[in-house]
Amino acid sequence: MEIINDFLSGMLPYTEWAMLIFLIGGGLFLVFQSKFLPYRYFGHAIAITAGKYDKEDAKGDVSHLQALSAAVAATVGLGNISGVAIAIYMGGPGVVFWIWVTALIGMCIKFYSCSLSIMFRGTDSEGKLQGGPMFYITQGIGRKAKPLATFFCIAGLFGFLGVFTANQFTQTFMNVVKPDESLAMLGDFNWKLIVGISLAIITSFVIFGGLKKIAKVASAIVPFMVLVYFVAVLVVMVNNATEVLPSLKLIVMEAFNFDTMVKGGFWGLVILGVRRAMFSNEAGLGSAPMYHGQSKTDEPVQEGLVAMLGPFIDTIIVCTLTAIVIILSGAYLEAESNGILMTLIAFKKSLFGYGDVLLMIIVSAFALSTLFTYSYYGVKCLSFLTNAKIGKYYNWYFVATIVFAAVASVDLVINLIDLAYALMVIPNMIAVLYLSPKVNLAAKKYFSKIKHEKA
């Protein structure tokens with residue numbers, strides 16, 4: 001594991017600058033090119049999600065709300081609860097500011113990429129309707145761009161593993177339940193193995209049931225657990241009301257900390273923020289377009305607007321709440337608390353000593369919903385590289401890696417995911433930037449039609 005970790009951390013610096021240029025540079029280009037369109041139609045996006053513009057005869061498998069729930073299920077989860085903690089652990093509170101900046105730009109990227117996923121839908125070898133980067137790359141740019149799509153899918157075979165979730169869930173279990181003391185003396189490694197195998201078995205039952213089951217389970221669990229998490233955080237904030245504004249102030253002050261800039265760590269801080277924001281909301285990654293590509297709609301722009309809400313919900317709202325709890329509880333000052341440990345300490349300190357147990361329940365739901373949804377992305381990547389029949393075998397590999405992740409170190413898991421994500425961003429963002437004029441044209445037509453209908 002150490003050899004793998006050394007290789008991954010050696011590769012990361014080469015991909016990070018490309019990721020920064022494409023996500024921030026490319027994202028800002030889209031923001032100005034669209035004349036801030038996605039932000040101007042925020043209210044309209046909420047109306048579409050609520051089903052106001054649904055059409056019964058539209059092509060697709062799932063409703064706008066189900067597609068958003070499933071995509072948010074894959075992103076609201078441990079990325080928001082422990083991903084933020086990892087960012088603060090590595091770069092201090094100021095990194096949260098850069099997570100916000102990336103998320104706001106990410107909303108625009110999501111608008112473009114998910115509009116394209118409806119605009120250029122394809123079919124797999126079984127004739128089923130599919131969407132996603134590999135389809136808008138090959139159909140939008142043309143067959144000559146197939147190597148880009150292949151590159152995306154190969155990186156996706158690693159990026160869409162549930163390793164981070166399995167790892168952080170295991171850490172939570174070990175720290176809250178303390179099985180060696182409370183259950184049986186089996187040793188750390190054996191308990192982690194047991195947790196990994198149990199997670200793998202539970203995940204198997206759902207993922208071998210297919211997409212409709214996933215959408216149902218995810219849309220049932222996730223909204224409820226997000227609500228429970230919100231209530232828990234609000235209780236903490238009300239109990240520590242005087243600390244909320246100073247915590248937000250600390251985030252902004254530290255983001256432009258002169259010492260950090262002088263030490264040459266400023267760009268490191270920005271890259272860290274970009275990495276964790278992408279981990280939290282997946283804008284630019286190309287995963288959400290695979291879900292949104294299955295939506296029951298014939299209007300690409302509608303789906304783009306619905307998808308844009310994703311980064312707002314899971315990064316601007318959920319990540320900020322997590323960051324405030326971590327900062328006001330002082331958990332970020334405890335040296336050895338990386339990842340979910342930091343959030344557990346913050347909740348235990350702030351919620352009458354039982355916060356860690358509540359967080360364990362919330363994390364369990366998020367972990368399972370993320371594992372259920374991620375396998376689906378990987379199946380799509382393997383199906384594109386081979387065919388739909390072989391694609392289904394990805395699930396076996398996915399389940400096996402859950403056990404591996406449960407016993408692996410948090411550093412190894414984060415490095416693996418960060419590297420795969422950075423590699424996926426490159427082909428996806430090339431395609432999104434190249435095809436963006438087609439979305440602008442579709443948006444112009446769509447909004448003049450809406451105005452005409454209202455008139």
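## Asn 167 and its surroundings

Apart from neighbours within four places in sequence, Asn 167 is in contact (heavy atoms within 4.5 Å) with Ala 405, Ala 408, Ser 409, Val 410 and Val 413. Asn 167 lies in helix α10, which covers residues 163-176, and with a relative accessible area of 2% the residue is buried, a word used for values under 20%, while exposed stands for over 50% and partly exposed for what lies in between, with a 1.4 Å probe and protein chains only.

This is a predicted model, in which local features need pLDDT of at least 70 and side-chain atom pairs count only at pLDDT 80 or more, whereas totals for chains, interfaces and linings use all residues. Residues are numbered from 1 along each chain as its sequence is written, and side-chain values use heavy atoms, with hydrogens and water left out.

## Thr 102

Helix α7, residues 95-119, holds Thr 102, which counts as buried because its relative accessibility is 6%. Leaving aside neighbours within four places in sequence, its contacts are Ile 24, Gly 273, Val 274 and Ala 277.

## Lys 451 at the surface

Lys 451 belongs to helix α23, residues 410-454, and counts as exposed at 56% relative accessibility.

## The chain as a whole

The secondary structure comes to 23 helices and 2 strands, these being DSSP runs numbered from the N terminus (H or I, at least four residues, for helices; E, at least two, for strands). Of the 455 residues in the chain, 60% are buried, and among contacts with a separation of 6 or more, 84% are between residues 24 or more positions apart.
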